[in-house]
Amino acid sequence: MPSTVQTSKGAAQGRPEGGGFTDRFSMRTKRLFWVWTFLALPVLFYSIIRFYPTIDAFRLSLTDWNLMNKPKFIGSENYAKLFSDPKFWQVFRNTFAYLILGTPISLFISFSVAFALDRIRFGHSFIRALYFLPFLTTAAAMAWVWRWFYQPAPIGVINDLLSSFGLMQQPFLRSTTQALPSIMVTAIWAGLGFQIIIFMAGLRAIPSTFYEAARIDGLGEWAILKKITLPLLKPTTIFLVVMSSIGFLRIFDQVYNMTTNDPGGPLGSTKPLVLMIYQSAFSSYQMGYAAAQTVVLFLILLAISLLQLWILRDKK
């Protein structure tokens, strides 16, 4: 009789007689179960598409493989060959030239534009959209348009403009000294839209009460910029520094499309590390050697990511 009463009581409260499987666990355990259930597919996807190829690149970098035969283990010979190759060090210098010059210039220009746009009220949305359009355009299309700009007169717009002012035409992409800066201008211009939008979001997130209090205290615009705006934009700036640095270290599209006749030319003066990896893998079919170059690039990118974590930890 008591068992019958308990059963009826449980049924009246809407619980099944035997209890469900999940009823045995706490609410926190149930939440973790559903979280990992929904995350299982993305984790599986990234494990197969991202993490496995990255780890396998370390294995392939220790082999000699040309796609036709099975990989042959050769130890660290690919790394010894890479670090003794003068072309690699030229490519290494080119890659860091893009990074060291492109990152600060792009961030300075994007912050200046964002700072000015933040104070514009008339046509603000339209002007912001104009700056963001290059970021939506494919890199190949932009590269070919800029390649046309750099052509000799009367085809090239820039040289045609220089000639109209009586100035000497410039070789641009045909010069070993001007080709890299010319491509860098294109890469900087292509990424400005994204950086401007992020900087503007950071500026809009700063409470206006800080500026009002500073003006009441008699601070000028330069002092407000130095003591309020820039310090409070530090997290945004760190994010853009890291993203821009990774972008310039992985530059490929602009170089490949703007130097199609001689990829990375002239005389390798514009070739970045990613283009060297591409040529080693798909032109020379030296997959092991290309994997060693990929590992070097991965370690460089990893160092930058760890630097970001160190900066953020120092900030806290």
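Which residues lie nearest the centre of the second largest pocket? In this predicted model, they are D85, K87, K271, M276 and Q279.

- The volume of the second largest pocket is about 270 Å³.
- Sorted by class, the lining residues are 6 polar, 4 charged and 3 nonpolar.

**Salt bridges around D118**

- Let's start with the general idea: side chains of opposite charge can pair when their charged atoms come close.
- The structure contains 4 salt bridges, and D118, R119 and R204 are joined in a network of them.
- What does the pair of R204 and D118 tie together? R204 belongs to helix α8 (residues 179–205), while D118 sits in the loop between α4 and α5 (124–136), so their pairing ties together parts that are 86 residues apart in sequence.

**Buried or partly exposed around D118?**

- D118 counts as buried because its relative accessibility is 14%, which falls under the 20% cut-off.
- R119 has a relative accessibility of 40%, so this residue counts as partly exposed.
- R204 counts as partly exposed too, with a relative accessibility of 48%.
- Put together, the network links D118, R119 and R204, with D118 buried, R119 partly exposed and R204 partly exposed.

**The pair of E221 and R215**

- Another salt bridge is formed by E221 and R215, whose closest N and O atoms lie 3.5 Å apart.
- E221 has a relative accessibility of 47% and so counts as partly exposed.
- R215 is partly exposed as well, because its relative accessible area is 43%, between the 20% and 50% cut-offs.

Definitions and conventions. Residues are numbered from 1 along each chain as its sequence is written. This is a predicted model: local features need pLDDT of at least 70, side-chain atom pairs count only at pLDDT 80 or more; totals for chains, interfaces and linings use all residues. Side-chain values use heavy atoms; hydrogens and water are left out. On a 1 Å grid over the protein atoms alone, a cavity is a set of points where a 1.4 Å probe fits but cannot get out, and a pocket is an open set with protein on both sides within 12 Å along at least five of seven lines; lining residues have an atom within 4 Å of a point. Grid points are joined across faces, edges and corners, and a volume is the space filled by probe spheres set on the points. Ala, Val, Leu, Ile, Met, Phe, Trp, Tyr, Cys and Pro count as nonpolar, Asp, Glu, Lys and Arg as charged, and the others, Gly among them, as polar. A salt bridge is a side-chain nitrogen of Lys or Arg within 4 Å of a carboxyl oxygen of Asp or Glu. Buried means under 20% relative accessible area, exposed over 50%, partly exposed in between (1.4 Å probe, protein chains only). Helices (H or I, at least four residues) and strands (E, at least two) are DSSP runs, numbered from the N terminus.
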